[in-house]
Amino acid sequence: MNQAQQAGRYLLGDLDVTRMGYGAMQLAGPHVFGPPKDRQQAITVLRSAVEMGINHIDTSDFYGPHVTNQIIREALHPYRDDLVIVTKIGARRGDDASWQKAMSAAELESAVHDNLRNLGLDVLDVVNLRLMFDVAGPAEGDLEEPMSVLADLKQKGLVRHIGLSNATARQIAQARTMTEIVCVQNQYNLAHRGDDALVEQLSKEGIAYVPFFPLGGFSPLQSKTLERVAADCGATPLQTALAWLLQRSPNILLIPGTSSVGHLQQNIAAAALKLSDEAIAALDSIGASAS
């Protein structure tokens, strides 16, 4: 068993994926905009992720825009039969690199076709609707129109499964009255624990929870408690934070991103790290103190 497989597996609908996945966001340029400084290195990172056993890649055509999907196609197409590529729609990038709402019927349909073309696919495995009622975090808003569009694209065979990103519990419930939801992708990590109850609820219902910014995002996790537990485990703080997420709930899928093969190897090594009950209790206190 390779290291990525040691994290276990989970079903996204009928798609069997490694719980340790890879997020492609950092393969674009600074601020997820424009081309990377080293395109060949980005290709090497993607190929290395697959060689190390990862079969779950998270991306979006608004990364770049178009950049990460085109790199994924160059690096991995034709794709292995078991490779699952999850993408997102619902946002677009302005000329100034801003993140803008793109949730109209026409924009969503166009985004699906953009993802298909740039990834070189006939059908998208999973499409997450990235809700943009508030760019900074989940905010209530009606999903009837965007979910109708996605449900129709699914019926036409262009989308296999549907998920939500940046969503509230109420929005998830509404979406599930219209179509099957296989995953939810929200911000969640050791210090950002607002979705604790949602993680538990989705686990009971067999729905994957995919935390973005699992390592803190643009402000990496920093905690003396995390550093102490990591030292006791003989691991880095970020490996320890990833291991905590894997042990937090069996429905959590990880998609840490990096543009470095060395960091990729370190992230994947977290799959083999088993935390004691005492370590988990100490790490849990970080979220309690941050809330």
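This briefing looks at one helix, the cysteines and the salt bridges of the structure above. The model is predicted, so local features need pLDDT of at least 70, side-chain atom pairs count only at pLDDT 80 or more, and totals for chains, interfaces and linings use all residues. Residues are numbered from 1 along each chain as its sequence is written, and side-chain values use heavy atoms, leaving out hydrogens and water.

**Helix α9**
- Helix α9 spans residues 261-269, and its buried residues are L264, N267 and I268 (buried means under 20% relative accessible area, exposed over 50%, partly exposed in between, with a 1.4 Å probe and protein chains only).
- Seen down the axis of α9, these buried residues fall within an arc of 95 degrees, so they line one face of the helix (the arc is that of the directions from the helix axis to the C-beta atoms).
- An α-helix has 3.6 residues a turn, so residues three or four places apart point the same way.
- The cover over the buried residues of α9 includes β3 (22-23), α1 (39-51) and α8 (237-248) (contact means heavy atoms within 4.5 Å; helices are DSSP runs of H or I with at least four residues, strands are runs of E with at least two, and both are numbered from the N terminus).

**Cysteines**
- The count of disulfides is zero (a disulfide is a pair of cysteine sulfur atoms within 2.5 Å).
- C183 is buried at 2% relative accessibility, while C233 is partly exposed at 28%.

**Salt bridges**
- There are 12 salt bridges (a side-chain nitrogen of Lys or Arg within 4 Å of a carboxyl oxygen of Asp or Glu).
- One of them joins E74 and R39, with the closest N and O atoms 2.9 Å apart.
- E74 lies in helix α2 (residues 67-76) and R39 in helix α1, so this pair ties together parts that are 35 residues apart in sequence.
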